[in-house]
Amino acid sequence: MTGIVQIRPVGEDEREAWNPLWAGYLAFYKTALTQDVSDLAWMRFHDPDEPMFALGGYVDGELAGFAHYLFHRSTWAPHRYCYLEDLFVAETARGRGLGRALIEAVYDKARAASASRVYWLTQSDNAQARALYDAVADNLGFIQYRKVL
């Protein structure tokens, strides 16, 4: 890994650095969101009453990736679960261990919050990410079904 890597919460004053990463993430998944939805997500990351958070992965002080996660209750456990909703590393920063560092940081946040698990989804053909995910978690073989309302 080259460069100094740091993981920390994304500051409220870092929206301009986050925007191109968010756009890259949405483009990777071939989706678009209205500006008000992105604005709402950003507001939630910085609202102390929301259970949604943004960690940034920094290389030499520059924001190069993020992990968005949230906590929710479960019918299967007395403790909350942690859902790693979004994980993205800029193409220029890949291969430096930033994705793994972001996942490990979410694990740390989940432990500190007494969550009993961290889980996430990815596309089945996301081979590069899945190689990392297979190294840091278990694939339980579930298939997601969705009905957009």
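Predicted model: local features only at pLDDT ≥ 70, side-chain atom pairs only at ≥ 80, totals over all residues.

**Exercise 1. Work out the order of the elements, and what the radius of gyration says about the protein.**

Start by counting: the protein has four helices and five strands. Next, read them off from the N terminus, which gives β-α-α-β-β-β-α-β-α. Then turn to the radius of gyration, which is 15 Å; the globule rule gives 15 Å for 149 residues, so the protein is as compact as a globular protein of that length. To finish, the C-alpha trace spans about 40 × 35 × 35 Å along its principal axes.

**Exercise 2. Find which residues of helix α2 are buried, how they are arranged and what covers them.**

Begin with residues 35-45, which form α2; buried here are Ser 38, Ala 41, Trp 42 and Phe 45. Now look down the helix axis: the buried residues of α2 fall within an arc of 100°, so they line one face of the helix. Finally, check the cover over these buried residues, which includes α1 (15-28), β2 (52-59) and β3 (62-72).

**Exercise 3. Describe the burial, the surface and the charges of the whole protein.**

First, burial: 36% of the 149 residues are buried, where buried means under 20% relative accessible area. Second, the accessible surface is about 9,700 Å², with 53% of it belonging to carbon and sulfur atoms. Third, there are 15 positive and 19 negative side chains, and the centres of these two sets are 7 Å apart.

Methods
Residues numbered from 1 in each chain as written. Heavy atoms only, no water. Helix = DSSP H or I, 4+ residues; strand = E, 2+ residues; numbered from the N terminus. Rg over C-alpha atoms; globule rule 2.2 N^0.38 Å. Buried < 20%, exposed > 50% of the residue type's maximum accessible area, 1.4 Å probe, protein only. Areas by Shrake-Rupley, 256 points an atom, 1.4 Å probe, with all protein chains shown as cover. Lys, Arg positive; Asp, Glu negative; His and termini not counted. Charge placed at Lys NZ, Arg CZ, Asp CG, Glu CD. Arc of directions from axis to C-beta. Contact = heavy atoms within 4.5 Å.
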